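Q: Hi! Could you walk me through the side-chain packing in this one?

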Amino acid sequence: MGRLTIFDLDGTIAVCPEFYRTVYSGTLERVIRKHRGRDGMHMLRHCRQAYSGRGELALFALGIPFSAWARALIDAPMDLLRPRPDLAHAIRTMDDRKVVYTGSPVKMACQTLERIGLSTRDFDAVIGWEEPEQFPAKWACSPLIFRGILERFRCEPHDAWAVGDTWVTDLLPAKMLGIKTAMIHRTEGNPDVRFPTLKEFLAFMKETQHA
């Protein structure tokens, strides 16, 4: 039935450090300050230092539901994200079946794709956080979601690619199932291939689509 490509969104399709610093970090700080005040901000700083910048883990430690942060993310402005018609065209014209698998709320993921110049119609599925989930499934770093995606699209692991910028969440769980992996931007982990940009990966996929 053809190849299946599973894309991470944040930092892979959508690349804008200023946006993520302002929107993700900014809303997280506001939510934690509102719910837990100064003590909460201390925990946030600790989690960022101890867990490679993953300040969102402070939500667990502080007993703040992810939904509180999700609402702030969904309502945040998208102005800092710039349209990428070249990237949007390259993704849209892929012959592969395409899935977005993100730790962001689905509604925000859809807003992000639209800002770049894509839509949910350009993908076979957009998978992310939705209520009543307590936290994003992607945070569990489990191969089970990837297995479910393969089963949903009746795809064998060797016919699938996982593409992302974070080894532990985007690629390692997929690689454990035998899915081929592509790291974008970064040097961490042990992926099958690495590319400086997503556009270069897409060019590689176009070249190998009939291989």
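Q: Which residues form one aromatic cluster?
A: F19, Y20, Y24, F60, F66, W69, W129, F135 and W139 form it. This is a predicted model, where local features need pLDDT of at least 70 and side-chain atom pairs count only at pLDDT 80 or more, while totals for chains, interfaces and linings use all residues. Residues are numbered from 1 along each chain as its sequence is written, and side-chain values use heavy atoms, with hydrogens and water left out.

Q: How many aromatic pairs does the count come to?
A: The count is 16 aromatic pairs. Rings of Phe, Tyr and Trp (its six-membered ring) pair if their centres lie within 6.5 Å; planes under 30 degrees apart are stacked, over 60 edge-to-face, and the rest tilted. F19 and Y20 are edge-to-face because their ring centres are 5.0 Å apart and their planes stand at 80°.

Q: Are F19 and Y20 buried or exposed?
A: Both are buried (buried means under 20% relative accessible area, exposed over 50%, partly exposed in between, with a 1.4 Å probe and protein chains only).

Q: What about the rings of W161 and F204?
A: With centres 5.8 Å apart and planes at 85°, the rings of W161 and F204 are edge-to-face too. W161 sits in strand β4 (residues 160–164) and F204 in helix α8 (residues 198–207), so the pair ties together parts that are 43 residues apart in sequence. Helices (H or I, at least four residues) and strands (E, at least two) are DSSP runs, numbered from the N terminus. W161 is buried at 6% relative accessible area, whereas F204 is partly exposed at 23%.

Q: Switching to the largest nonpolar core, which residues touch the most other members?
A: Of its 50 residues, those are F7, I13, F19, I32, W69, L198 and F201. A nonpolar core here is a set of buried Ala, Val, Leu, Ile, Met, Phe, Trp, Tyr and Cys residues joined through side-chain atoms within 4.5 Å.

Q: And which element gives the largest share of this core?
A: That would be α1, with ten residues. There is also a second, separate core of 18 residues, including F153 and W167.

Q: Last topic: where is D170?
A: D170 is in helix α7 (residues 167–175), and D170 is buried, with a relative accessible area of 4%.

Q: What does the side chain of D170 reach?
A: The side chain of D170 reaches the backbone nitrogen of D165 at 3.1 Å.

Conventions
Polar contact = N/O pair within 3.5 Å; in protein donor to acceptor, adjacent residues only side chain to side chain.
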